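Morning, everyone. Please bring up the structure on your screens, and we'll walk through it together.

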Amino acid sequence: MSYKFDFAFMAERWPDFVAGAWLTVQLTVLAIALGFALGTLCALARVYGGPVLRRLVGAYVEAIRNTPLLIQIFIVYFGLSSLGLKLSADVSAVIALTVNMGAYSTEIMRAGIQSVQRTQLEAADCLGLTRLQTILHVVLLPAMERVYPALSSQFVLLMLASSITSQISVEELTATASLVQSDTYRSFEVYLVVAVVYLALSALYRFAFWLIGLGLFERKRRLGTPL
Amino acid sequence: MNQLSANHLLYLLIAAEWTVVLSLIAFAGGSVLGLAIALMRVSKLGVLRGIASGYIQLIQGTPLLILLFLSYFGLGIIGLKLVPLVAAGISLTLYAGAFLGEIWRGCIEAVPKTQWEASDCLGLNRVQQYAYVILPQATRIAIPPTVGFMVQIVKNTSLASVIGFVELARAGQIVNNSTFEPFAIFSCVAAIYFALCYPLSVASRYLERKAHAGR
């Protein structure tokens with residue numbers, strides 16, 4: 001083995017990597033926020049909705065969780081445009097990632113919502129809370145607190161999975177790597193650099209979700225114990 | 001332009017066989033690696049625990065796609081021919097090993113401590129403890145989540161398409177290039193993936209319910 005590693009390209013191309021990583025962050029933060037909102041609504045529908053709604057949400061979750069993200073992205077980008085709905089690559093990526101995230105957070109939030117006991121709802125009724133107040137303060141926040149570890153690792157997994165959007169020419173981190181390696185022929189080194197950037201990003205995301213968790217869950221902050 | 005025909009569907013189904021083959025390779029390789037990682041994670045030696053958890057952090061913190069590229073181009077560096085099946089097999093094995101290792105560690109730790117103590121009292125050595133007492137019980141706990149993870153493996157084999165391995169997703173792209181009916185084709189591809197994955201999901205849930213009922 002006489003391979004010489006050469007990272008000289010970094011001196012010139014590092015702004016490309018920064019731009020790529022920034023787009024990755026933008027795409028995933030948007031998809032996580034929208035997907036989590038979608039998932040929460042679907043989870044509420046799955047637990048409290050009528051039989052038709054429950055079935056529909058169940059079908060959505062199963063369809064998404066049992067097919068690869070790559071194919072979902074292709075259907076949104078190539079499929080919808082062939083049906084006449086032309087979307088840019090970036091918009092398609094956000095839609096596909098959101099729909100994907102939505103299905104996974106539906107399942108996670110459903111578990112959380114189902115763990116809220118009936119007596120809690122009755123107590124909220126007795127205190128005269130409105131329906132919206134009950135859902136927000138008595139159902140959703142405690143539910144989220146219980147499943148927060150699962151939720152935040154799913155968010156990190158989505159950030160990693162966003163690398164797949166490079167396949168529809170979204171200029172995020174992985175696509176940047178492909179571009180730079182085709183200019184410099186330093187394939188292995190380029191992907192090594194990107195792997196390190198992804199590692200750093202996932203550490204950053206974990207830290208950010210930990211902070212958000214601290215801010216969101218007052219009880220946990222005060223007592224240091226989970227619900 | 002070609003019309004989408006039965007031949008195209010047949011081509012997709014044949015490609016789906018490669019998806020299954022690649023999944024089996026990844027699962028077999030990942031199981032061996034995962035077992036080693038899980039045992040290292042619960043080892044008495046701090047060094048082994050450190051290596052295993054470092055490995056898990058590393059793999060779980062990088063996208064599988066990057067892992068695929070690294071093993072594809074890495075093979076070239078050590079002077080081997082760039083065979084997509086080998087590169088895909090290696091990276092999916094590394095990926096599955098990390099996740100299965102973490103799942104199985106949880107299962108080993110879920111075996112009650114009293115079982116360790118009882119087998120200590122019976123004078124079993126460490127290997128015997130694992131072989132006759134701990135692993136048989138951990139296996140029963142491990143089956144539902146492992147079947148669930150197989151869904152992830154099947155889905156993730158679709159990424160092998162980017163290094164030119166012709167499995168289901170790549171075959172879908174090839175058919176699309178000749179017929180240009182992406183919505184119909186990728187829906188078919190998605191349906192085939194669904195047919196592969198859904199039974200596994202259902203089985204995983206069923207096994208989980210059964211395991212809980214038994215306790």
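This is a predicted model: local features need pLDDT of at least 70, side-chain atom pairs count only at pLDDT 80 or more; totals for chains, interfaces and linings use all residues.

Chain A, then. What is it built from, helices or strands? It has nine helices and zero strands. Read from the N terminus, the order of elements is α-α-α-α-α-α-α-α-α. Now its dimensions. Along the principal axes, the C-alpha trace of chain A spans about 75 × 50 × 30 Å. Chain A has 227 residues, and 47% of them count as buried.

Over to chain B, and to helix packing. Two packed helices are described by two things: the angle between their axes and the distance between the axes. Our pair is helix 3, residues 64–77, and helix 4, residues 84–110, both of chain B. Their axes lie 8 Å apart, and the packing angle is about 135°. So helix 3 of chain B is oblique to helix 4 of chain B. Which hand does the crossing have, left or right? Helix 3 of chain B passes helix 4 of chain B in a right-handed crossing.

Last stop: the surface of chain B. Find Leu45(B), Val47(B), Leu48(B) and Ile51(B). These residues form a nonpolar patch there. Together they have about 370 Å² of accessible area.

Let's zoom in on one of them, Ile51(B). Where does Ile51(B) sit? In helix 2 of chain B, which covers residues 46–60.

Definitions and conventions. Residues are numbered from 1 along each chain as its sequence is written. Chains are lettered from A and ligands numbered from 1 in the order in which they are written. Side-chain values use heavy atoms; hydrogens and water are left out. Patches are made of residues with over 30% relative accessible area and no salt bridge: like charges are joined within 9 Å, nonpolar side chains (Val, Leu, Ile, Met, Phe, Trp, Tyr) within 5 Å. Accessible areas come from the Shrake-Rupley method with a 1.4 Å probe; for residues, only the protein chains shown count as cover. A salt bridge is a side-chain nitrogen of Lys or Arg within 4 Å of a carboxyl oxygen of Asp or Glu. Helices (H or I, at least four residues) and strands (E, at least two) are DSSP runs, numbered from the N terminus. Axes are lines fitted to C-alpha atoms, for helices over the stretch in contact, and angles run from 0 to 180 degrees between N-to-C directions. Angles under 35 degrees count as roughly parallel, over 145 as roughly antiparallel, 65 to 115 as roughly perpendicular and the rest as oblique. A crossing is left-handed if the near helix is turned anticlockwise from the far one by less than a right angle, and right-handed if clockwise. Buried means under 20% relative accessible area, exposed over 50%, partly exposed in between (1.4 Å probe, protein chains only).
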